[in-house]
Amino acid sequence: IPKVTGNSQDRITVAAEKADEKKALEGAAQETVAYFTKYKENLKADIKIVAVNSSASYSTLVNKYKLSESQAATVSSGRGFYTNNTIFINTQMAAGSIVQKATVAHELTHHYQKQLAKTEYSLLWLQEGMADVTAGNVLEDTGQSAPQLISVARLNLPTQLTLSQLRSDADWLQAAGQY
């Protein structure tokens, strides 16, 4: 993994009670920044990553930041969320290096999306899909995951689902979660 130089890495601060959690989150952030650097994209705004050590504290934060219904649906896994240039990682739910790295990569992608779009965007399914793809690519680039082919038959897709049925972010998110 290339060492991140310049100001991108300097823009990230990590707050964690445990030294090993802080080191793991810093490493995950550095690997994600390195991924974006390959595409000539640097961080332009400061970001903070905060380790949250319990699901109860995490739920309190979700409520504190008054996430919309569609936003709350995307954080229902309880691993992390991004808001106001801060990433909150629930280290209890995102336990293990691969899950933590994927969660940091996913949430840090939202920060990059915000700086690239410069305006509010509403295609939640596209935002989440891009963040998931980036997380998978970061894991693959760091040798922790490899793409696996899955036969269409194993995807358990409904035979009658068509794009015309997916009219809203909620429809896309429900289909993505279900299938």
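**Figure 1. An aromatic cluster in the predicted model.** One aromatic cluster is formed by Tyr35, Phe36, Tyr39 and Tyr112. The model shown here and in the other views is predicted. The number of aromatic pairs in the structure comes to seven. In one of them, the ring centres of Tyr35 and Phe36 are 5.5 Å apart and the ring planes stand at 85°, so this pair is edge-to-face; planes over 60 degrees apart are given that name. Tyr35 has a relative accessible area of 10% and is buried. Phe36 is buried as well, with a relative accessibility of 6%.

**Figure 2. The ring pair of Tyr65 and Phe88.** Here the ring centres are 5.4 Å apart and the planes are at 40°, so the pair of Tyr65 and Phe88 is tilted. Tyr65 sits in the loop between helix H3 (55-64) and helix H4 (69-74), while Phe88 belongs to strand E4 (residues 86-90). The pair therefore ties together parts that are 23 residues apart in sequence. Phe88 is buried, at 6% relative accessibility.

Figure 3. Strand E3 (residues 80-83) has both faces covered. Gly80 and Tyr82 lie on one side, Phe81 and Thr83 lie on the other, and all are buried. E3 pairs with E4 in the antiparallel sense, over four bridges. At one of these positions, Thr83 has Thr86 of E4 as its bridge partner. Two residues separate the strands of this hairpin. Asn84, in the turn, has a positive phi of about 50°.

**Figure 4. Helix H2 and its buried residues.** H2 has 20 residues, which should span 28 Å at 1.5 Å a residue. The end C-alpha atoms of H2 are 29 Å apart, which agrees with that value. The buried residues of H2 include Glu21, Leu25, Ala28 and Ala29. Gln30, Glu31, Thr32, Val33, Ala34, Tyr35 and Phe36 of H2 are also buried. After H2 comes Lys40, with a positive phi near 65°.

**Figure 5. Helix H6 and its buried face.** Helix H6 (residues 124-141) consists of 18 residues. From its first C-alpha to its last, H6 reaches 25 Å, close to the 26 Å expected at 1.5 Å a residue. Which residues of H6 are buried? They are Leu124, Gln127, Glu128, Ala131, Thr134, Ala135, Val138 and Leu139. Seen down the axis of H6, these residues fall within an arc of 135°, so they line one face of the helix. Gly143 follows H6 and has a positive phi, near 75°.

**Figure 6. Salt bridges.** How many salt bridges are there by the rule used here? The count comes to four. In one of them, Asp46 is joined to Arg11, with the closest N and O atoms 3.0 Å apart. Asp46 lies in the loop between helix H2 (19-38) and strand E2 (47-52), and Arg11 in the loop between helix H1 (7-10) and strand E1 (12-15). This pair links distant parts of the chain, 35 residues apart. Arg11 is partly exposed, with a relative accessible area of 22%. Another salt bridge joins the side chains of Glu31 and Lys101, at 2.6 Å from N to O. Glu41 is buried, with a relative accessibility of 12%.

**Figure 7. The largest nonpolar core.** This core has 24 residues. Which of them have the most contacts inside the core? They are Ile12 and Ile49. At least two residues of the core are supplied by each of E1, H2, E2, E4, H5 and H6. The largest share, six residues, comes from H2.

Methods
Residues numbered from 1 in each chain as written. Predicted model: local features only at pLDDT ≥ 70, side-chain atom pairs only at ≥ 80, totals over all residues. Heavy atoms only, no water. Phe/Tyr/Trp six-rings, centres within 6.5 Å; stacked < 30°, edge-to-face > 60°. Buried < 20%, exposed > 50% of the residue type's maximum accessible area, 1.4 Å probe, protein only. Pairing = 2+ DSSP bridges. Expected span 1.5 Å × (residues − 1). Arc of directions from axis to C-beta. Core = buried A, V, L, I, M, F, W, Y, C linked by side-chain atoms within 4.5 Å.
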